[in-house]
Amino acid sequence: MAEFVVMTAGVLLILFLVVPTLGKLLDMSFQTQQLGRYATWERTVWFDNGDQPGETTEPGYDVAVRSDAAISASGEKRLLSFASAPEPLASSDVSGIAAGSQHALWRWSNGASMLGDGGVDNGSLNPHKTESVAYDVLGLYNTGMEALISPLTMLKLQDDENFLQVAHPQENYFKPSISANVNLGNAGLEARTGAGFLGPEFLPGGLTMTANGAILADGWNAQGEHHFKERVDDFAIGTMMDNAVINTVIDFIGIFEPSFADVDFGYVGTEPIPDADVQCDLGFCYFDE
């Protein structure tokens, strides 16, 4: 009986407290890594409000736009909180963790919250320039084209200020960092006094779990028909003829020749290619529908 009491008080009781706590700490570490993966991936599938040539975030079009703050809050809400029932997707998904609603399972034996604060570190979602000689050359080209087109834009002969620029984002490297602070002060151990190894002089103020992500998202991309057109029409030379002066001339000639009124120098087709054979006759080729 004496051995059982000693074993229970000295070993089993400690194990009953340590094993669940260790499991919670491991779960917090795993969720921190998951948040790093989430933030890394989300930053590449949502456009931010940048100023890359040809990029558009105009309302009413199907371009996916999310700010860094929304991505951070969404990840924290999904991975650093817990509810007994699955929560439906709603606007609150990007609201972050409300005060006092941290993960319900991450609690010390006294019921206090283990998570002090945590989430995506401020500024870590910012894009970084991809180090490449090709991008340096591309930047010089875009700068030269901007200087060349500026006079035409001032004369209202060309409305697109990004005309003939390569609409390829050059800041495609993302490396978010995540941190989750474990509040050891809530564990109740700080109440012990004396020189024991669990005394306040030996107990650290907190424990920080970190995770880092990195992704190189190089690629020419577009979301939706309007976004595609915004990116390709800069290389349609005919768009230079799409201005008020030329359109007035076309309308005037169209009075005498109605067929000329349908001329569109700035047209960029986005319709799918028909599934039909191509027929050529006297130098003209067309789809045989």
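## Residue N142 in helix 3

N142 belongs to helix 3; helices (H or I, at least four residues) and strands (E, at least two) are DSSP runs, numbered from the N terminus. With a relative accessibility of 6%, N142 counts as buried. Here buried means under 20% relative accessible area, exposed over 50%, and partly exposed in between (1.4 Å probe, protein chains only). N142 and Q165 are 23 residues apart in sequence, and their C-alpha atoms are 5.1 Å apart in space.

## Basis of the model

This is a predicted model, in which local features need pLDDT of at least 70 and side-chain atom pairs count only at pLDDT 80 or more, while totals for chains, interfaces and linings use all residues. Residues are numbered from 1 along each chain as its sequence is written, and side-chain values use heavy atoms, with hydrogens and water left out.

The predictor's confidence in each residue is given by pLDDT, from 0 to 100. The protein chain averages a pLDDT of 75, and 69% of the residues score at least 70. Over residues 191–197 pLDDT stays under 50, and the model has eleven contacts beyond four places in sequence for this stretch; contact means heavy atoms within 4.5 Å. Where pLDDT is low, the predicted coordinates should not be read in detail.

## Overall organisation

The protein chain holds five helices and seven strands. Read from the N terminus, its elements follow the order α-α-β-α-β-β-β-β-α-α-β-β. Of the 289 residues in the protein chain, 29% are buried. Among contacts between residues at least 6 apart in sequence, 69% join residues at least 24 apart.

## Helix 1 and helix 2

Two packed helices are described by the angle between their axes and the distance between the axes. Helix 1 (residues 2–45) and helix 2 (residues 68–79) pack at an angle of about 145°, with their axes 10 Å apart. Axes are lines fitted to C-alpha atoms, for helices over the stretch in contact, and angles run from 0 to 180 degrees between N-to-C directions. Residues of helix 1 at this contact include Q31, L35 and Y38, and those of helix 2 include I71, G75 and L79. By class, the contact has five nonpolar, four polar and five charged residues. Ala, Val, Leu, Ile, Met, Phe, Trp, Tyr, Cys and Pro count as nonpolar, Asp, Glu, Lys and Arg as charged, and the others, Gly among them, as polar.

Helix 2 is mostly covered, as nine of its twelve residues are buried. Among them are A70, S72 and K77. The buried residues of helix 2 pack against helix 1 and strand 1.

T130 is found in the loop between strand 1 (115–120) and helix 3 (133–154), and E131 is found in the loop between strand 1 and helix 3. T130 is buried, with a relative accessible area of 8%, whereas E131 is exposed at 72%.

Leaving aside neighbours within four places in sequence, T130 is in contact with Y135, Q170, E171, N172, Y173, L216 and D218. E131 and E171 are 40 residues apart in sequence and 9.0 Å apart in space, C-alpha to C-alpha.

## Residue G269

G269 lies in the loop between helix 5 (244–256) and strand 6 (278–281). Its relative accessibility is 39%, so G269 counts as partly exposed. From C-alpha to C-alpha, G269 and K229 are 8.2 Å apart in space, and they are 40 residues apart in sequence.
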